[in-house]
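Here is a short report on one model. It covers a ligand shell, a sheet and the helices packed on the sheet.

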Amino acid sequence: MFIKAQCAKCAVKPEKKACRVEDGNGPDFCPTKYGQEIIERANKQYQNPDVYEFARQSSIQEAQCYANRDRKPPVRQPTKPRIKEIIEFAKKMEYKKLGLAYCAGLQSEAGKLNKVLEFHGFDVVSVVCKVGCTPKEAIGIKQSEKVRIGEYESMCSPITQAKILNEAKTDFNILLGLCVGHDSLFFKNSEAMATVFAVKDRVLGHNPLAALYTLDSYYEGLIKIQD
Ligand code: SF4
């Protein structure tokens, strides 16, 4: 069996990494050096015409998010926020109908995103997480496990969101603020490829990375206290 990949712990300098340069180095847990069989199998998948085009356009879009790419030595100069990246990518793929699966807590942001996407010529189908108004009791939730204890609460229903977008035959789906786990169910049930515009972080203004940026200060508890 293949060794456990641990790229997140790799200390090889970027300009020497096996995954970045030909004949580069990698530690004992390096999947580039020791995962050839898997890499070959995955690479074959890119030859499927649909996957090939999707991957090709993603890569072109990635590069086009930087300016002055011919500069030597290279200096990263990003120019496009994610909203533009999504719009440009969807245009490259010639998508016409976009699905927007969003969280009720971001109703206002969903309206703005919808407006921007329509302005750029897309036909947008939007579905809120609470669609269906199915009570949380349907998935065994007790009163004590609700957000508002003692009240009627409709469950987040990412499977319904996905099915409605599947029915509408959207070309591409965009997630906005779905909860952890609800997003997973959406991905599993979406027939169209899906991307994330923003994830939910109720405390950090939907910027979960802020906890890592402050791991050495205000969020040190994350690596000092196990609760
Ligand atoms: S693929 Fe290998 S060289 Fe690249 S980050 Fe992972 S362990 Fe390091």
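The text below goes from the ligand to the sheet and then to the helices.

This is a predicted model: local features need pLDDT of at least 70, side-chain atom pairs count only at pLDDT 80 or more, and totals for chains, interfaces and linings use all residues. Residues are numbered from 1 along each chain as its sequence is written.

**Ligand shell.** Residues around the ligand include Cys7, Cys10, Cys19 and Cys30. Lys17 and Thr32 also belong to this shell. A shell residue has its C-beta atom, placed from the backbone, within 6 Å of the molecule. The table gives the classes.

| Class | Residues in the shell |
|---|---|
| Nonpolar (Ala, Val, Leu, Ile, Met, Phe, Trp, Tyr, Cys, Pro) | 8 residues |
| Polar (the others, Gly among them) | 2 residues |

**Sheet.** Four strands form an open sheet in the order β2-β1-β3-β4, with parallel pairing. Strands (E, at least two residues) and helices (H or I, at least four) are DSSP runs, numbered from the N terminus. Strands pair if DSSP finds at least two bridges between them. β2 (123-128) and β4 (194-198) are the edges; each has a single partner strand, so one side of each lacks a neighbour in the sheet. Inside, β1 (residues 97-102) and β3 (residues 172-176) are joined by 5 bridges. Leu98 sits opposite Phe172 in β3.

**Helix α6.** Helix α6 (residues 158-167) has buried residues Pro158, Thr160, Gln161, Ala162 and Leu165. Buried means 20 or more other C-beta atoms, placed from the backbone, within 10 Å of the residue's own. These residues pack against β1, β2, β3 and α7 (182-189), with contact set at C-beta atoms within 7 Å. Just after α6, Lys169 has a positive phi of about 55°.

Note on methods:
Buried ≥ 20, exposed ≤ 12 C-beta atoms within 10 Å, placed from the backbone. Contact = placed C-beta atoms within 7 Å.
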